[in-house]
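Visitor: I would like to learn how to read a model of this kind, feature by feature. Could we start with the strands and then turn to helices, chain contact and confidence?

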Amino acid sequence: MTSDSEPTRSGREPTVSELRIARRLAARDPEASALISAEYGRTLTGLLRHMLPDEQSAEDVLQQVLLQAWQRGASFDPARGSLLTWLTMLARSRALDSLRRRTPEPRDPASTRALLDRATQVEDHADTVVGQWQLAHLLSTLPAAQADLLRMRFQLGLSQSEISERTGIALGTVKTRMVAALERLRDLMEASA
Amino acid sequence: MSDEERTLISDYLLAELPPEQRREAERRIREDPSFARRVERLRSVTTALTELPADAWPEPPATTGEEAERAGKAERQPSERVARPRRRSRAPGSARGRVMALVAVGAACLGIGIAVGTQLGTSTERGAATVTFEALRSVDARDAASASMSAGRMTLTVTHLPPLGASRFYELWLMSSTTKLVAVASFRVDASGHADLSVPLPVPAQDYRYLDISVQTPSRGPQHSGDSVLRAATRT
């Protein structure tokens with residue numbers, strides 16, 4: 001996956017990929033689902049697996065999301081928001097619907113309160129998961145070298161000195177590239193917010 | 001903003017500044033609103049990355065030629081027996097050793113009860129408590145080891161670590177940083193690089209960010225040698 005166009009500081013610039021998918025959605029082109037699946041499938045699958053209790057539920061809801069994206073695609077306007085945000089919010093809604101269907105009806109006020117508390121917790125968790133997988137998608141659009149640098153630092157917990165030792169890249173260069181990767185990711189996050 | 005300032009902010013947020021420079025950065029944050037804003041903008045990224053689930057990270061790229069060459073230098077030792085996991089007594093030596101000794105003593109004082117029921121957070125709840133280690137250096141295989149944690153125990157399966165000979169051994173750690181870490185078990189591998197351990201966890205695994213396997217030399221004391229060969233994120 002690649003980011004085809006730089007986000008600007010004055011406003012979000014849709015990527016070429018987004019525009020291509022948006023055109024196909026607007027035309028109700030069946031190919032749009034395949035493009036979405038190829039570009040955003042990993043992100044949506046990961047998000048749903050973290051929101052739902054089992055793989056089968058995640059797979060079922062993913063199919064609902066892809067279908068709904070195709071059905072509602074004409075309403076997506078890339079100038080108003082990113083396709084990533086639109087799709088992940090669609091997935092969030094369908095996942096919450098799926099979770100609500102599993103919750104039995106309340107029988108007394110105490111259980112109603114407990115269910116409301118539980119619902120709030122579930123929605124908060126959903127927001128966290130959506131944010132994490134939006135970030136995961138943005139990471140996947142970084143150049144591989146930048147993404148790997150961030151992975152070594154934040155997933156494996158290596159210090160910049162350890163990264164330098166592991167990769168054979170001078171420490172000063174590691175630091176310069178780390179700054180560039182973090183700032184690039186920050187710009188992508190702010191552009192997609 | 002100069003390159004020096006950008007690197008200063010990055011190093012500050014990565015907690016890699018020496019104490020004096022860190023204090024200077026904190027002073028600037030207090031006194032320079034513009035600098036503070038720049039720090040906060042980048043902090044949002046480092047915070048989000050720190051909290052990212054392990055499976056959300058993109059797949060690592062293929063091993064580079066340079067790394068493959070380093071891996072090719074991994075030492076090969078004659079066959080040796082498998083040692084059972086054990087808890088070594090640790091005399092404090094360095095500051096880091098003293099921290100580890102305190103952690104070990106604290107865990108011992110709290111007793112086994114603290115470990116019972118320890119689980120790996122949400123990944124266990126979703127039935128995916130197995131984590132796979134990644135090679136840091138001097139190891140020529142991916143998926144060299146995996147670990148699973150439940151009910152206060154950790155099961156470690158090692159498949160591809162080089163035997164070390166009699167003078168060194170491997171140590172499994174739970175760690176968040178070079179100052180927050182606790183030793184879990186010592187072990188050796190057999191001639192084929194294989195070892196299986198099942199050990200009680202001295203502390204809750206979810207309180208630590210990483211599992212780390214280091215090469216240790218007894219004569220250099222109980223503290224972490226700094227020679228890590230495998231590491232895995234505990235949080236998925």
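Guide: Two strands pair if DSSP finds at least two bridges between them, where strands (E, at least two residues) and helices (H or I, at least four residues) are DSSP runs, numbered from the N terminus. In this predicted model, β1(B) and strand β3 (residues 145-150) of chain B run antiparallel and are joined by three bridges. Within that pair, Val131(B) has Ala147(B) of β3(B) as its bridge partner. As for conventions, residues are numbered from 1 along each chain as its sequence is written, while chains are lettered from A and ligands numbered from 1 in the order in which they are written. Because the model is predicted, local features need pLDDT of at least 70 and side-chain atom pairs count only at pLDDT 80 or more, whereas totals for chains, interfaces and linings use all residues.

Visitor: In what order do the four strands of the open sheet with β1 of chain B lie?

Guide: The order is β1-β3-β4-β7 (chain B), with antiparallel pairing. The edges are held by β1 (130-132) and β7 (195-200) of chain B, each with a single partner strand, so one side of each has no neighbour in the sheet. From one strand to the next the twist averages 15°.

Visitor: Which strands of chain B make up the open sheet of five?

Guide: That sheet runs β2-β9-β8-β5-β6 (chain B), again with antiparallel pairing. Here β2 (134-135) and β6 (181-187) of chain B stand at the edges with a single partner strand each, so one side of each is left without a neighbour in the sheet. Two bridges link β2(B) to strand β9 (residues 228-233) of chain B in the antiparallel sense, and Glu134(B) stands opposite Arg231(B) in β9(B).

Visitor: At what angle do the axes of α1 and α2 of chain A cross?

Guide: Axes are lines fitted to C-alpha atoms, for helices over the stretch in contact, and angles run from 0 to 180 degrees between N-to-C directions. The axes of helix α1 (residues 16-26) and helix α2 (residues 31-51) of chain A cross at roughly 150° and come within 8 Å. That makes α1(A) roughly antiparallel to α2(A), given that angles under 35 degrees count as roughly parallel, over 145 as roughly antiparallel, 65 to 115 as roughly perpendicular and the rest as oblique. Residues are in contact if their C-beta atoms, placed from the backbone, lie within 7 Å; on the α1(A) side the contact is made by Ser17(A), Ile21(A), Arg24(A) and Leu25(A), and on the α2(A) side by Glu31(A), Ala32(A), Leu35(A), Ile36(A) and Glu39(A).

Visitor: How do α6 and α8 of chain A lie to each other, by angle?

Guide: Their axes come within 9 Å and cross at roughly 100°, which makes α6(A) roughly perpendicular to α8(A). In this contact, Gln146(A), Leu149(A), Leu150(A) and Arg153(A) of α6(A) meet Arg177(A), Met178(A), Ala180(A), Ala181(A) and Arg184(A) of α8(A).

Visitor: How many residues does each chain give to the contact of chain A with chain B?

Guide: Chain A gives 29 residues and chain B gives 32 residues. On the side of chain A, α6(A) supplies the largest share, eight residues.

Visitor: What pLDDT does chain A average?

Guide: pLDDT is the predictor's confidence in each residue, from 0 to 100. Chain A averages 85, and 85% of the residues score at least 70. Over residues 1-10 of chain A, however, the pLDDT is below 50, although this stretch has 19 contacts in the model beyond near neighbours in sequence. Where pLDDT is low, the predicted coordinates should not be read in detail.

Technical notes: Two residues are in contact if their C-beta atoms, placed from the backbone, lie within 7 Å.
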